Amino acid sequence: YFLPDFKDKFVDLRSNLVDLNDALIKKCIVGTEQDFLMLMQKAKEYLFATIDNNGLITMLLSLFQDCVFGYYVLTPFIKDPIVSDIKVYSWDHITVKVNGDRYLTNIKFFDEDDYNRWYDRLLRINRLDRSIDGALNNFTDRKSIDSFYMRVDIQKEEVTSSGQNMLHIRKTPTVKYTWQYLVDNKMLDDNCIEYLRDRVVNGYGFLISGRGGSGKSTLLKNM
């Protein structure tokens with residue numbers, strides 16, 4: 001993504017296969033596996049005809065697939081196990097939450113048009129209402145990555161104060177963490193675990209509170 005000329009080569013690929021073939025892209029993103037394979041083959045043929053660098057072609061194809069069918073420039077955050085939340089405020093303003101703390105990232109879409117086109121494809125893939133009636137919407141993604149399922153909240157430009165399409169992704173592990181994992185990560189210690197077990201066995205109720213990303217759901221799952 002940050003390699004010299006990478007952006008120019010990717011924009012060239014995207015322009016020739018995505019921007020100029022809107023009907024084809026719409027068909028592929030809601031179509032069959034054969035439609036997907038056909039588009040990826042077109043991308044591969046175009047790159048081999050214009051670039052003489054197999055390593056660069058592999059990286060471009062990976063980003064192209066994520067651009068059309070996945071989470072595009074957000075993919076590294078999707079895969080990173082320490083990132084719990086991803087929020088996109090605009091094409092060049094993306095934050096992530098790690099261990100309860102929010103950070104501004106240096107990742108951005110290529111431009112506003114690039115972001116809005118991808119945003120529209122995401123809505124199409126998940127068959128969401130793209131009219132004003134669906135300006136506030138959400139979906140759950142349980143297929144994109146094995147280790148997490150994701151709740152994705154959509155806020156379209158018609159209802160945001162900034163006039164920008166916004167997106168919030170909340171990641172939840174598919175497998176609950178062990179008590180030892182929680183101890184190793186300093187969420188609680190052995191005395192806390194024994195106390196909680198005693199309270200559960202004796203029928204006490206609990207109120208679990210805390211800020212977003214602090215581990216409320218993680219603790220509840222273990223209990």
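A search of the whole structure, which is a predicted model, finds nine aromatic pairs. Rings of Phe, Tyr and Trp (its six-membered ring) are taken to pair if their centres lie within 6.5 Å; planes under 30 degrees apart count as stacked, over 60 as edge-to-face and the rest as tilted. One of these pairs is formed by Phe36 and Phe69, with 4.9 Å centre to centre and 80° between the planes, and is edge-to-face. Because Phe36 belongs to helix H3 and Phe69 to helix H4, the pair ties together parts that are 33 residues apart in sequence. Phe36 is partly exposed, at a relative accessible area of 23%, and Phe69 likewise counts as partly exposed at 23% relative accessibility. Here, buried denotes under 20% relative accessible area, exposed over 50%, and partly exposed in between (1.4 Å probe, protein chains only). Ring pairs also link Phe10, Tyr72, Phe109, Phe110, Tyr115, Trp118 and Tyr119 into a cluster.

Features in this model are reported locally at pLDDT of at least 70 and side-chain atom pairs at pLDDT 80 or more, whereas totals for chains, interfaces and linings use all residues. Residues are numbered from 1 along each chain as its sequence is written, and side-chain values use heavy atoms, without hydrogens and water.

The axes of helix H3 (residues 33-50) and helix H4 (residues 54-69) come within 10 Å and cross at roughly 145°. Axes are lines fitted to C-alpha atoms, for helices over the stretch in contact, with angles from 0 to 180 degrees between N-to-C directions. Helices (H or I, at least four residues) and strands (E, at least two) are DSSP runs, numbered from the N terminus. To the contact (heavy atoms within 4.5 Å), H3 contributes Phe36, Leu39, Met40, Ala43, Lys44, Leu47 and Phe48, and H4 contributes Asn54, Ile57, Leu60, Leu61, Phe64, Gln65, Val68 and Phe69.

Strand S1 (residues 83-90) and strand S2 pair in the antiparallel sense over six bridges, pairing being assigned if DSSP finds at least two bridges between two strands. S1 and S2 form a hairpin with two residues between them, and Asp85 stands opposite Lys97 in S2. Strand S2 (residues 93-98) is mostly covered, with five of its six residues buried. S2 is also joined to strand S3 (residues 101-104) by four bridges, and the two run antiparallel. Val96 stands opposite Tyr103 in S3. The hairpin of S2 and S3 has two residues between the strands, and in this hairpin Asn99 takes a positive phi near 55°.
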